[in-house]
Amino acid sequence: MTPLLDLPSTHTVRTGWRGLPAAQQPAWPDPAALDEAVATLTASLPLVVPRECDLLRNRLAAVARGEAFLVQGGDCAESLDTADAGSLLRSAGTLQQLATVFGYMMSLPVVTVARMAGQYAKPRSAATEVRDGVELPVYRGDAVNGQAFTAAARTPDPHRMVRVHQRSAATLNLVRAYGAGAQAGPDHALEGLRRFAAASPEPARYGALTEEIARAGGFTGTGDGWHTPGELFMSHEGLLLDYESALTRVDAVTGLPYATSGHLLWIGERTRRLDGAHVEYFSRIANPIAVKIGPSADADELLRLVDRLSPGNEAGRLTLVARMGARRVREALPGLVERITAEGRTVGWVSDPMHGNTISAPSGHKTRRFDDILDELSGFFEVLHGLGAHPGGVHLELTGDDVTECVGGGAGVGMADLPLRYRSACDPRLNGDQSLDLAYRLLELRDAVRVPGVPEALR
Ligand code: PEP
Ligand code: CO
């Protein structure tokens, strides 16, 4: 008897990408250790289940249709060496507060997604790093090696992927417990916004905006029966194919394969080549997925990528995350949005205003200017609205902690302040105040960036 559907086996999904060009994979020095780690992960429990991934896919379908807004954010790179529950909960709280502001600004339900519980592998611009004449493998994230500049720390260790799985399970447990508690509700988010406004350099202006938000109800997901305070999905870049494929499971109900390392996985700017291993693996999983798009993206190539990753063209399957840079967004993005829209493809359009705006501070720290981040985000709204399309969300690198990694905004972190509390293992994050400042500044710009949102008469 011929099967009704030609469903891929777990084996095909786990191995189909092997042999294709796989960018940014570590050179694991010990094949036996890699086999052992992969076997352990293959026999491990899934971190998420298919029905939750499907729920997020439905939420993102609303984003793609212009009926919801995505707030996605968290660390550039999570760390295995710190276990700070407060920090995790503060980041989750910041996302909730941002969701409240953006939900009000857009007058739409918000779907909230953390870069958390799996964001441990980083693409890098070079394979090695040289210091004082010594050359060692580059740091590729805690899933691969350690940050310390020693041969021992920098040697890729596949057992770290097992630790990442265990730590991600613990992270999920904590964040889910928090999401179920009263402290994740809209009232708590509003309280946080009031505290932020009162302590900000603009207490009168920001206080008035906060009361506007409060009067509107401070919602994060009303409409269509999805009022779900504390609902938080997990996402990460699906960079390490050994990790992702070992955690792929076939859903017993539908027979479809899912990545069970997180609800939403994305392909990074450096690993999105059409004939590459990442695109092959992602094309076979049923999760909602995203792709980062930089200023060099070409409309024909992007259309082919969209068709490869979302052949059924279903809303919610694919989100495109534009990370163009403040100076490029207004020229590089319109052609892409126009082409994809004109060809009838349904995707969510989201702005990552972080990765196109990284600069080097005089101290040598990687940093980003708050004003550039705001400028790219405003440009994104202008472009999408100018084309009659939906600016579907923001993707930020942030923490709820009081770090000094990005300059400007909030309490005005200066270049000289960067060494004070620079804690990121990779890219600079907005701190809690800078994150909220960004949302408030955008809210103030709503007329300039033509956010339809709340009519003036009702504010
Ligand atoms: C990231 O999100 O941390 C990242 C590396 O992004 P991109 O692929 O857009 O450079
Ligand atoms: Co980053």
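A donor is an N, O or S atom within 2.8 Å of the metal (3.2 Å for Na, K and Ca); water is not among the atoms, so sites may look incomplete. By that rule, the cobalt ion (ligand 2) is coordinated by Cys76, His355, Glu397 and Asp427. This is a predicted model, where local features need pLDDT of at least 70, side-chain atom pairs count only at pLDDT 80 or more, and totals for chains, interfaces and linings use all residues. Residues are numbered from 1 along each chain as its sequence is written, chains are lettered from A and ligands numbered from 1 in the order in which they are written, and side-chain values use heavy atoms, with hydrogens and water left out.

**The cobalt site**

- The donor atoms are SG of Cys76, NE2 of His355, OE of Glu397 and OD of Asp427, at 2.1 to 2.4 Å.
- Along the chain, the donors follow the spacing C-x278-H-x41-E-x29-D.
- Cys76 and Glu397 link distant parts of the chain, 321 residues apart.
- Cys76 sits in the loop between β1 (69–74) and α4 (85–106), while Glu397 is in strand β14 (residues 393–397).
- Helices (H or I, at least four residues) and strands (E, at least two) are DSSP runs, numbered from the N terminus.

**Around ligand 1**

- Ligand 1 has 13 residues around it, and Arg115, Lys122, Glu269, Lys292 and Arg323 come nearest. Here, near means that a heavy atom of the residue lies within 4 Å.
- The shell holds three nonpolar, two polar and eight charged residues. Asp, Glu, Lys and Arg count as charged; Ala, Val, Leu, Ile, Met, Phe, Trp, Tyr, Cys and Pro as nonpolar; the others, Gly among them, as polar.
- Oxygen atoms of ligand 1 lie 2.9 Å from a side-chain N or O atom of Arg115 and 2.8 Å from one of Lys292.
- For Arg323, a polar side-chain atom is 2.7 Å from an oxygen atom of ligand 1.
- The protein covers 98% of the 300 Å² of accessible area that ligand 1 has on its own. Such areas come from the Shrake-Rupley method with a 1.4 Å probe.

**Buried parts**

- Buried means under 20% relative accessible area (1.4 Å probe, protein chains only).
- Cys53 is buried, because its relative accessibility is 0%.
- Cys76 is buried too, at 0%, and Glu397 also has 0%.
- Helix α10 (residues 277–284) is largely enclosed by the rest of the structure, because six of its eight residues are buried.
- Those buried residues are Ala277, His278, Val279, Glu280, Tyr281 and Phe282.

Technical notes: Polar contact = N/O pair within 3.5 Å; in protein donor to acceptor, adjacent residues only side chain to side chain. Buried < 20%, exposed > 50% of the residue type's maximum accessible area, 1.4 Å probe, protein only.
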